[in-house]
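Colleague: I'm new to this one, and I'd like to learn how to read it. Could you walk me through a few features?

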Amino acid sequence: MAVVTSAALTAAVAYFVTRLRSRIVSKDEKRRVMGFIPIFLASGIYFGFLFQKFTAISILITERIDLSMGSWTFPVAWITTVSPLAAVLITPFIARLWNRLGDRQPGPATKFAIGMTQIGCAYLFLLLISEATGDAFIPLALILLFMMMAGSSEVFIGPIGLSLATKIGPEKFKTQMVGLNFLTLALGSSLSGLLGQLSPRLEMRAISPWSLWLQ
C-alpha cells in the first residue's frame, strides 16, 4: 500500500511540476493549476476515509455489529452498499436545490467543505457510538445511519473535483487534468489500505479512522 501511495503522489507531483514549468501554459493557467493542488490532496484524503468501508469499517461490522435477525444473518456486503446507494438517492435532491438557488448556491470551495465536514461528522458519530456501547454490540440501525452519512457526502466532493478539473485545466491539457482528478481515487484507495493495516493494533471500540489520530 505504501508503494501505491508513493506512486500516486509521485505521478501527481510530476504532473503538477510539468504543467507549471510548461511554456505553453499561460500564467493565469499556472495560477489555476496551483490552486487545484490543495483540492487534489483534500480529495485523496477524503476518499481515504470514504473507502474505509472496505477495510476497517468492514472489520468493525463483522466484530461489533449483531447481524442476526432470527435465523437469518444480514449480509455485510449489503451494509457497505448503503454508502453508494445513499449518494445516488440524494443526488437528485441536491441537484434540484442548486437549481433553485441559482446564483445564490454555494461556491465550489463551500460545497467541498460541506462534504469534508459531513464525512468528518460521520466518523465522529461512529467513534461516539463505539465508545458509548463499550464491549456490547452496536445496533445495526446506527451503522446503517453512519453509512448513509458518509456515503451521501460524496455528492459534494466527486462532482466538484471533476467540475473544477474541467474548468481550471490548461486549455491544451484539460483531458490530462481530468485524468489527474481521477488519480485521487487511487490515492484514496491506497490511503484506506494504510489506515486499515493499523486497525488490528487498536481496540475494536476505537476502530474508526478518527481514533487513529487520537491515539
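Modeller: Helices (H or I, at least four residues) and strands (E, at least two) are DSSP runs, numbered from the N terminus. The expected span of a helix is 1.5 Å times one less than its number of residues. This is a predicted model, where local features need pLDDT of at least 70, side-chain atom pairs count only at pLDDT 80 or more, and totals for chains, interfaces and linings use all residues. Residues are numbered from 1 along each chain as its sequence is written, and side-chain values use heavy atoms, with hydrogens and water left out.

Colleague: How many residues does helix α5 have, and what does it reach from its first C-alpha to its last?

Modeller: Helix α5 covers residues 108-133, so to speak 26 residues, and reaches 38 Å, close to the 38 Å expected at 1.5 Å a residue. Just after α5, G134 takes a positive phi of about 60°.

Colleague: Which residues in α5 are buried?

Modeller: Buried means under 20% relative accessible area, exposed over 50%, and partly exposed in between (1.4 Å probe, protein chains only). In α5 the buried residues include F112, G115, I119, A122, Y123 and L126.

Colleague: Is S192 buried or exposed?

Modeller: S192 sits in helix α8 (residues 174-198). S192 counts as buried because its relative accessibility is 1%.

Colleague: What is S192 in contact with?

Modeller: Contact means heavy atoms within 4.5 Å. Leaving aside neighbours within four places in sequence, S192 is in contact with G48, F51, Q52 and T55. With T55 there is also a side-chain polar contact of 3.5 Å; that term means a pair of N or O atoms within 3.5 Å where, within protein, one must be able to donate a hydrogen and the other to accept it, and residues adjacent in sequence count only if both atoms are side-chain atoms.

Colleague: And how do I read empty space?

Modeller: Rolling a probe the size of a water molecule over the atoms shows where empty space is left. On a 1 Å grid over the protein atoms alone, a cavity is a set of points where a 1.4 Å probe fits but cannot get out, while a pocket is an open set with protein on both sides within 12 Å along at least five of seven lines; lining residues have an atom within 4 Å of a point. Grid points are joined across faces, edges and corners, and a volume is the space filled by probe spheres set on the points. Here, the search finds one cavity of 30 Å³ or more, and the largest cavity holds about 40 Å³.

Colleague: Which element gives the largest share of its lining?

Modeller: That's α6, with four residues.
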